[in-house]
Amino acid sequence: IPAVNVHFQSMRIPPDENAKLFPATVQQEGVWFHAIRNNTAYWNFLQSRCYKGTLNAAALKNALYTVMARHSSLRTNFRFSEGRLYQVIHDQPYSTDVWWHLTFDSDDRACMDEIVRSELAKEEGYGFDYDSGPLIRFKVLEFNRVHFFLLTINHIVTDAASMRNCW
């Protein structure tokens, strides 16, 4: 196996004094190893749903942060220290870079399709930063009374069975 050229000293460490460190699982070590050699986007789970009707964006955002507060894996990032990979579990959900709410003043189906495809492509290629998190993104694309929800979570903090429970 070729050597990995990564400078661990240059990796950012989140300034959360209350964070708890736990050894990473063997599976997390495997995902991390391959992701730092290539691209973390390869390990993303991306799900999308369409909803028609009135949306209470504030309630949806609150629900997302409530789920993150309940599930420690969604408040986790990773730190490599002294030859070992650790999970860094934060007490509070991240306040930035998780929730994205984009509004568009259009009912044109072709326009919606183009925007949704473009946003899906962005999410598919999104590279999470394992050492500073968050490792989850939720994007709402609002077109008058049609809404598309895009959920992106990196495999290092979830698995396919857990993703089935998201909707």
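View 1. Phe80 stands opposite Leu85 in E4, and Arg79 stands opposite Tyr86 in E4. Ser81 has Arg84 of E4 as its bridge partner. The model is predicted, so local features need pLDDT of at least 70 and side-chain atom pairs count only at pLDDT 80 or more, while totals for chains, interfaces and linings use all residues. Residues are numbered from 1 along each chain as its sequence is written, and side-chain values use heavy atoms, with hydrogens and water left out. Strand E3 (residues 76-81) and strand E4 (residues 84-89) run antiparallel and are joined by 6 bridges. The hairpin formed by E3 and E4 has 2 residues between the strands, and Glu82 in the turn has a positive phi of about 50°. Strands (E, at least two residues) and helices (H or I, at least four) are DSSP runs, numbered from the N terminus.

**View 2. The open sheet of E1, E4 and E3.** The 3 strands are ordered E1-E4-E3, with antiparallel pairing; two strands pair if DSSP finds at least two bridges between them. Strand E1 (20-23) and E3 stand at the edges with a single partner strand each, so one side of each is left without a neighbour in the sheet. Neighbouring strands of this sheet are turned by 35° against each other on average, direction ignored. E1 and E4 run antiparallel and are joined by 4 bridges. Pro23 has Tyr86 of E4 as its bridge partner.

View 3. Helix H1 (residues 26-37) lies across E3 and E4 and runs at about 105° to E4. Axes are lines fitted to C-alpha atoms, for helices over the stretch in contact, and angles run from 0 to 180 degrees between N-to-C directions. Contact means heavy atoms within 4.5 Å.

**View 4. Glu119 in helix H3.** Glu119 is placed in helix H3 (residues 109-124). Glu119 counts as buried because its relative accessibility is 7%, where buried means under 20% relative accessible area, exposed over 50% and partly exposed in between (1.4 Å probe, protein chains only). Leaving aside neighbours within four places in sequence, Glu119 is in contact with Leu102, Lys139, Leu141 and Leu150.

**View 5. The largest pocket and its lining.** The largest pocket holds about 450 Å³ of space. Its lining has 19 residues, of which Val67, Leu74, Leu151, Ile153 and Cys166 lie nearest the centre. Two or more lining residues come from each of helix H2 (57-70), strand E6 (136-143), strand E7 (146-154) and helix H4 (160-163). H2 gives the largest share, 4 residues. By class, the lining has 13 nonpolar, 5 polar and 1 charged residues. Ala, Val, Leu, Ile, Met, Phe, Trp, Tyr, Cys and Pro count as nonpolar, Asp, Glu, Lys and Arg as charged, and the others, including Gly, as polar. A pocket is an open set of points on a 1 Å grid over the protein atoms alone where a 1.4 Å probe fits, with protein on both sides within 12 Å along at least five of seven lines; lining residues have an atom within 4 Å of a point. Points are joined across faces, edges and corners, and a volume is the space filled by probe spheres set on them.
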